[in-house]
Amino acid sequence: DYERMLTQNMAKQALVRTAAATRLSDRRLPQPTLEFPANTDNVLRQAITEAQKPVSQLSYGLNELQVMLEQGLKDRKKITEPRWRANYDLALGRVVANQARAHGYNTILAEMKSNPKVFETKGNNAWRLVAAKDARSSPTVRKLEKQAMELLNGVIDEHPGTPWSYLAAKELEKPLGWKWQEMKMDLDNSGNRVRKPNPRFEEEQRKRREALQKRGITGNKPLKI
């Protein structure tokens with residue numbers, strides 16, 4: 001009965017097929033880099049170039065999911081069950097929202113790479129990308145943002161007090177745009193982060209060595225159990 005129901009509605013088919021696809025291990029999408037060393041323009045450009053490489057994979061994966069879901073758009077209006085409508089609209093809304101973030105991310109990186117910003121605070125040497133509303137973006141990003149907002153707000157309005165409404169609201173809590181914040185990092189001349197020793201770890205190691213010495217254990221001699 002369930003399989004027959006799916007064959008009668010393309011939107012339901014698309015939702016089930018997309019949900020199954022997201023469970024595949026090879027569809028784990030990469031997380032974008034958000035902090036960029038910039039003690040020189042060349043260091044910044046190199047960091048951006050590295051960050052852009054997985055973005056194409058991210059956009060490709062999201063686009064695949066969006067295409068799969070949109071294959072069922074014609075039959076979306078035929079869905080009568082509230083749960084199926086909420087599931088479909090939420091899934092498409094979340095995918096489109098993340099498409100907007102991915103496209104916006106790539107756009108703002110490209111702009112910074114071609115025309116690096118100047119630090120306003122003396123001593124800062126790095127940039128951080130943070131989510132932001134009303135950020136300047138391309139027409140493509142604005143179109144995706146509008147579509148995502150319509151879908152997610154529709155879930156909230158049509159299904160108040162439900163888990164679908166809650167998840168749609170959580171998705172909208174994080175703005176779809178991006179903006180730059182300047183910051184300070186401990187960097188060497190090549191733009192690599194300088195790893196400072198952890199005082200707490202060093203203290204724990206010292207106490208451990210003292211405890212071992214009191215027990216007559218030195219060097220790499222294993223502890224007796």
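User: Which exposed residues does the face of H6 turned away from its buried side carry?

Analyst: A word on the ground rules before we start. This is a predicted model, where local features need pLDDT of at least 70, side-chain atom pairs count only at pLDDT 80 or more, and totals for chains, interfaces and linings use all residues. Residues are numbered from 1 along each chain as its sequence is written, and side-chain values use heavy atoms, with hydrogens and water left out. Now, buried means under 20% relative accessible area, exposed means over 50%, and partly exposed is in between (1.4 Å probe, protein chains only). On H6, the face pointing away from the buried side has Pro163, Tyr166 and Glu173 as exposed residues.

User: And which residues are buried in helix H6?

Analyst: In H6, which covers residues 163–173, the buried ones are Trp164, Ser165, Ala168, Glu171 and Leu172. Looking down the axis of H6, these fall within an arc of 120 degrees, so they line one face of the helix. That arc is taken from the directions from the helix axis to the C-beta atoms.

User: What do the buried residues of H6 pack against?

Analyst: They pack against H4 and helix H5 (139–158). Contact here means heavy atoms within 4.5 Å.

User: How many helices and strands does the chain have?

Analyst: Helices (H or I, at least four residues) and strands (E, at least two) are DSSP runs, numbered from the N terminus. By that count the chain has seven helices and three strands, in the order α-α-β-α-α-β-α-α-β-α along the sequence. Of its 225 residues, 38% count as buried.

User: Now helix pairs. At what angle do H2 and H4 pack?

Analyst: The general idea: two packed helices are described by the angle between their axes and the distance between the axes. Axes are lines fitted to C-alpha atoms, for helices over the stretch in contact, with angles from 0 to 180 degrees between N-to-C directions. For H2 (residues 10–21) and H4 (residues 82–114), the angle is about 60 degrees and the axes are 10 Å apart. H2 and H4 are therefore oblique to each other. The scheme calls angles under 35 degrees roughly parallel, over 145 roughly antiparallel, 65 to 115 roughly perpendicular and the rest oblique.

User: Which residues make that contact between H2 and H4?

Analyst: H2 brings Ala11, Lys12, Leu15 and Val16, while H4 brings Trp84, Asn87, Tyr88 and Ala91. By class, that is six nonpolar, one polar and one charged. Ala, Val, Leu, Ile, Met, Phe, Trp, Tyr, Cys and Pro count as nonpolar, Asp, Glu, Lys and Arg as charged, and the others, Gly among them, as polar.

User: How do the axes of H2 and H3 cross?

Analyst: They cross at roughly 160 degrees and come within 8 Å, and H2 and H3 are therefore roughly antiparallel to each other. Ala14, Leu15, Arg17, Thr18 and Ala21 of H2 meet Leu65, Met68 and Leu69 of H3.

User: And what about H3 and H4?

Analyst: Their axes cross at roughly 155 degrees and come within 9 Å, so H3 and H4 are roughly antiparallel as well. The residues of this contact divide into 18 nonpolar, nine polar and three charged.

User: Where does Asp75 sit, and is Asp75 buried or exposed?

Analyst: Asp75 lies in the loop between helix H3 (41–70) and H4. Asp75 has a relative accessible area of 10%, so it is buried. Leaving aside neighbours within four places in sequence, Asp75 touches Gln8, Asn9, Met10 and Ala11.
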